[in-house]
Amino acid sequence: MQDKIDLKSLTLEELKEQITALGEKGFRAGQIYRWLHQRKVSSFDEMTDQPAAFRAQLEQRFYINRITVKKKLVSKIDGTVKYLYQLRDGNCVETVLMQYKHGASICISSQAGCRMGCQFCASTLAGLERSLTASELLDQVYMTEQDSGYKIDSIVMMGIGEPLDNYDNVVRFLRLISSPEGMNLSLRHLSLSTCGLVDRIYDLAQLKLGLTLSISLHATDDETRSKIMPVNKKYPLSDLMKACRDYFAITGRRISFEYALIEGVNDTPAQATALAKLLNHMNCHVNLIPVNPVKERAYRRSTPANVARFQQQLTRLGVNATVRRELGSDINAACGQLRRESVGKEGSI
Ligand code: SAH
């Protein structure tokens, strides 16, 4: 198994090379690619337009990745579905399907665990197991479509893990999911969220992919940010904000900032003023999120009154800020907690 090639992670060009190296006609690559990425089959036997002998040859050389539903929670309030998917090696990740008026949106994980160490986040508590492959990123979308019957219109990379800490596989995923012979998703309908790996933000800018970059900001001064987000020690706010301005200059794409409001840590009126000053009339959007309490940590979410005040103050100061609508509040274990429970760190589910 180990030495077989992960077929679903290959681009169409790579697949063509592989197929012609096997002595087959190049057009078969396009057929196989569509089986995988449009019809989303999980076995070679389902590729009925391929000769049986060739299918057997493929089976020898490649494997088709498959993830399985280990657990599924459905919100009784708004139909939000939270999946715990099991990967081939037994690792698990979370994926969330949300339904909006304009269509279905999915939040996918980029790594099994995380090594960024944000203090308010459940996904990082047990560190990083490993990064996901491109096919594992794709399969969260493909499996969720199959299981739910919904056509997914937009994707957010805001689940477990740091996407830019899995840069190569994430870029490969972006190319695959937007390929015309595959799902053909416009990357305008995809948001990628990062805690602020500045070097990678510059790499991504150069690709000019058209996606929306979300920056997890959460604080307006280095002292507070370094306390709650250790990544800030390596990439302080001045570097991060410069990277954001440069990203906009290079790509023309407006940045979205996430700001999780934590009582007494980052939600004072002075901090709202500091945030407006930091953004300094930048063409951007601020998403305010009352922090989801994680039971291993003492952080509390800001009161509704403080959230409203923070938002109004930003608006007054000319910053485009909205409070994120909460979906699936009845299944709303903070992101990463379902996975943690499943691996037995906190008892069984
Ligand atoms: N590593 C990436 C993406 C995954 S986290 C990043 O940091 O952006 C997705 C978003 O959820 C980030 O903005 C993250 O800071 C936020 N988040 C993590 N834990 C949270 C919690 N307990 N409450 C609210 N937001 C949280």
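Good morning. Local features in this predicted model need pLDDT of at least 70, side-chain atom pairs count only at pLDDT 80 or more, and totals for chains, interfaces and linings use all residues. Residues are numbered from 1 along each chain as its sequence is written, and side-chain values use heavy atoms, with hydrogens and water left out.

I begin with the sheet. Helices (H or I, at least four residues) and strands (E, at least two) are DSSP runs, numbered from the N terminus. Two strands are taken to pair if DSSP finds at least two bridges between them. On that basis there is an open sheet of 10 strands with mixed pairing, in the order β3-β4-β5-β6-β9-β10-β11-β12-β13-β14. The edges are β3 (68–74) and β14 (321–323); each has a single partner strand, so one side of each is left without a neighbour in the sheet. From one strand to the next, the twist averages 25 degrees.

Both senses of pairing can be illustrated. Strands β5 (residues 92–100) and β6 (residues 103–107) are antiparallel, with five bridges, and Y100 has G103 in β6 as its bridge partner. By contrast, β12 and β13 pair in the parallel sense over seven bridges, and L261 stands opposite P290 in β13.

How many residues of strand β13 are buried? Here buried means under 20% relative accessible area, exposed over 50%, and partly exposed in between, with a 1.4 Å probe and protein chains only. Seven of the seven residues of β13 (residues 284–290) are buried, so this strand is largely enclosed by the rest of the structure. In a regular strand the side chains alternate between the two faces of the sheet. In β13, C284, V286, L288 and P290 point one way, while H285, N287 and I289 point the other way.

Next, the neighbouring strands. Helix α9 (residues 237–251) lies across β11 (212–216) and β12 (255–261), at about 145 degrees to β12. For such angles, axes are lines fitted to C-alpha atoms, for helices over the stretch in contact, and the angles run from 0 to 180 degrees between N-to-C directions. Strand β11 contains S216, which counts as buried at 10% relative accessibility. Leaving aside residues up to four places away in sequence, S216 touches S193, T194, C195, R225, M229 and E258, where contact means heavy atoms within 4.5 Å.

Two loop residues other than glycine have positive phi. K208, in the loop between α6 (198–207) and β11, has phi near 45 degrees and is exposed at 54% relative accessible area. H281, in the loop between α10 (269–279) and β13, has phi near 60 degrees and is exposed at 73%.

Finally, the cavity. A cavity is a set of points, on a 1 Å grid over the protein atoms alone, where a 1.4 Å probe fits but cannot get out; lining residues have an atom within 4 Å of a point. Grid points are joined across faces, edges and corners, and the volume is the space filled by probe spheres set on the points. The search of the whole structure finds one cavity of 30 Å³ or more, and the largest cavity holds about 80 Å³. Its lining consists of K8, L36, K40, V41, S42, N65, R66, I67, D139, Y142, M143 and Q146. Helix α4 (residues 134–148) gives the most to this lining, with four residues.

Methods. On a 1 Å grid over the protein atoms alone, a cavity is a set of points where a 1.4 Å probe fits but cannot get out, and a pocket is an open set with protein on both sides within 12 Å along at least five of seven lines; lining residues have an atom within 4 Å of a point.
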